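Trainee: I would like to learn how to read the pockets of a protein model. Can we work through one together?

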Amino acid sequence: RDFCLSRGLGDVYKRQIIMTGYRQTLLVLLLTILSGAAVAQNNTNSPYTRYGYGQLSEQGSSNSRAMGGIAYGLRDKYQTNFANPASYTAVDSLTFIFDGAVSLQNTNLSNGTLKRNAKNSSFDYITMQFRASKWAAISLGLLPYSNVGYSMGEYREDTEFPDKSTTVSYSGEGGLHQLYLGAGFKIIKNLSVGANFSYLWGDITRTAAETFPSSSSVFPITIQSNVAVKSYKLDFGAQYTHQFGKKHVATLGVVFSPGHDLSNDAYEVTQTGNSNTGATSVTRDTVVTCGIPTTFGAGVTYVYDNRLTVGADVMFQNWSKVSYMNNDEAFCDRGRISVGAEYLPNPMGRSYLSHVKYRLGAYYSKPYYKIDGVRAADEYGVTAGFGLPIPRTRSVLSLSAQYVRTKGTQAAFLNENTLRICIGVTFNERWFFKRKVD
């Protein structure tokens with residue numbers, strides 16, 4: 001009996017060592033993501049980010065991105081879903097969730113005559129979530145809101161007056177970030193509501209430089225503009241779930257985010273000549289108007305036997321009503337339609353592959369960029385990925401691939417083809433239970 005007891009305790013001790021090793025590995029990965037978020041600005045090389053706040057970030061976790069971006073109707077007790085705060089109530093009562101992701105991307109750009117390639121990496125998000133009571137759950141996270149990053153130029157030749165030939169270059173960097181605190185509440189058995197309150201901040205710097213390479217008597221001109229934002233953002237959501245039969249569950253989700261003007265500080269610096277020979281003037285505008293739009297979204301998901309999930313989302317943002325740098329006609333309205341699915345072969349199976357989640361999706365979007373008074377581009381995307389369970393834990397490694405085609409609405413506008421790889425880690429641990437020793 002003593003031998004059996006000692007052997008049993010030894011097996012428990014070994015399992016604890018194994019579990020500790022996995023936890024340490026996951027924590028290292030999460031700390032790596034946090035370090036990247038703390039020291040690095042999200043990166044992109046899209047000339048379309050020359051306009052407005054730049055490229056708007058996806059508001060969805062790694063599993064959502066592999067499913068075409070559907071999120072409004074998703075309820076998963078093992079994943080955070082910050083796109084709809086009503087989903088927080090789905091979290092297991094004993095679980096504390098950490099979730100984070102990074103992306104790698106390769107983009108090919110073309111305007112019909114010239115082609116360029118750009119490679120980038122970026123921080124996607126870091127979140128945590130836990131149950132506060134039987135009817136409430138809390139989430140906290142750091143997300144990017146938008147990203148600006150571009151560098152381009154052109155040579156304008158004047159054959160009649162060569163001295164007037166110029167080289168013009170454009171560059172920009174920066175973006176906005178949001179730190180949110182959210183809560184979800186279960187009103188009745190099948191109905192949940194929630195809200196996210198976000199602190200929105202960041203700055204965007206753009207530079208335009210004109211030089212005259214054929215004339216030494218004409219000074220170059222450099223104009224740099226900057227807008228720094230410190231404001232807030234509110235997001236509200238609701239989900240209604242209905243179960244019919246033993247294996248069929250449908251969820252309807254809706255979200256709403258009110259638009260408003262952002263608190264900001266803007267200035268413009270104009271320099272003629274270089275730092276030794278030129279003159280510099282600084283214009284600070286304290287009445288610049290910048291805003292974010294009202295967002296409406298709805299989605300529905302259907303789950304069969306906890307193994308098959310299919311869903312669809314629609315989203316609309318009235319960017320045409322938003323002012324940017326005192327321009328009331330800076331943007332077009334933005335819309336998006338997404339469809340996606342997830343399949344789990346056998347949650348009770350003994351093989352590893354039977355526990356892998358297979359994901360697939362697609363979307364169509366109309367971005368908010370406007371060039372010369374017309375919509376600049378349309379966007380199409382197809383996605384696929386896997387949810388890979390980490391052995392002897394309840395945690396998941398999510399891998400997804402997104403192919404995105406941004407097509408200019410006119411022949412002179414740019415086309416982009418992007419392959420984006422997203423790597424996410426969901427650290428899912430039972431923290432809230434009492435341990436008993438007999």
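Mentor: Start with who lines a pocket. This is a predicted model. In the second largest pocket, E4 contributes the most to the lining, with 5 residues.

Trainee: Which strands each supply at least two residues of that lining?

Mentor: They are strand E2 (95-110), strand E3 (115-133) and strand E4 (136-156).

Trainee: What volume does the second largest pocket have?

Mentor: About 840 Å³. Its lining counts 23 residues. Closest to the centre are Pro47, Asn111, Met152, Gly153 and Leu414.

Trainee: How do the residues of this lining divide into nonpolar, polar and charged?

Mentor: Sort each lining residue by its class. For the second largest pocket that gives 13 nonpolar, 6 polar and 4 charged.

Trainee: Now the largest pocket. What is its volume?

Mentor: The largest pocket has about 1400 Å³. Its lining has 45 residues. Nearest the centre lie Arg75, Asp76, Lys77, Tyr78 and Asn306.

Trainee: Which elements give two or more residues to the lining of the largest pocket?

Mentor: Strands again. They are E6 (191-211), E7 (221-243), E8 (248-257), E13 (295-304), E14 (308-317) and E19 (377-389).

Trainee: Where does the largest share of that lining come from?

Mentor: From E7, with 4 residues.

Conventions
Residues numbered from 1 in each chain as written. Predicted model: local features only at pLDDT ≥ 70, side-chain atom pairs only at ≥ 80, totals over all residues. Heavy atoms only, no water. 1 Å grid on protein atoms, 1.4 Å probe; cavity = no way out; pocket = protein on both sides within 12 Å on 5 of 7 lines; lining within 4 Å. Points joined across faces, edges and corners; volume = space filled by probe spheres on them. Nonpolar A, V, L, I, M, F, W, Y, C, P; charged D, E, K, R; others polar.
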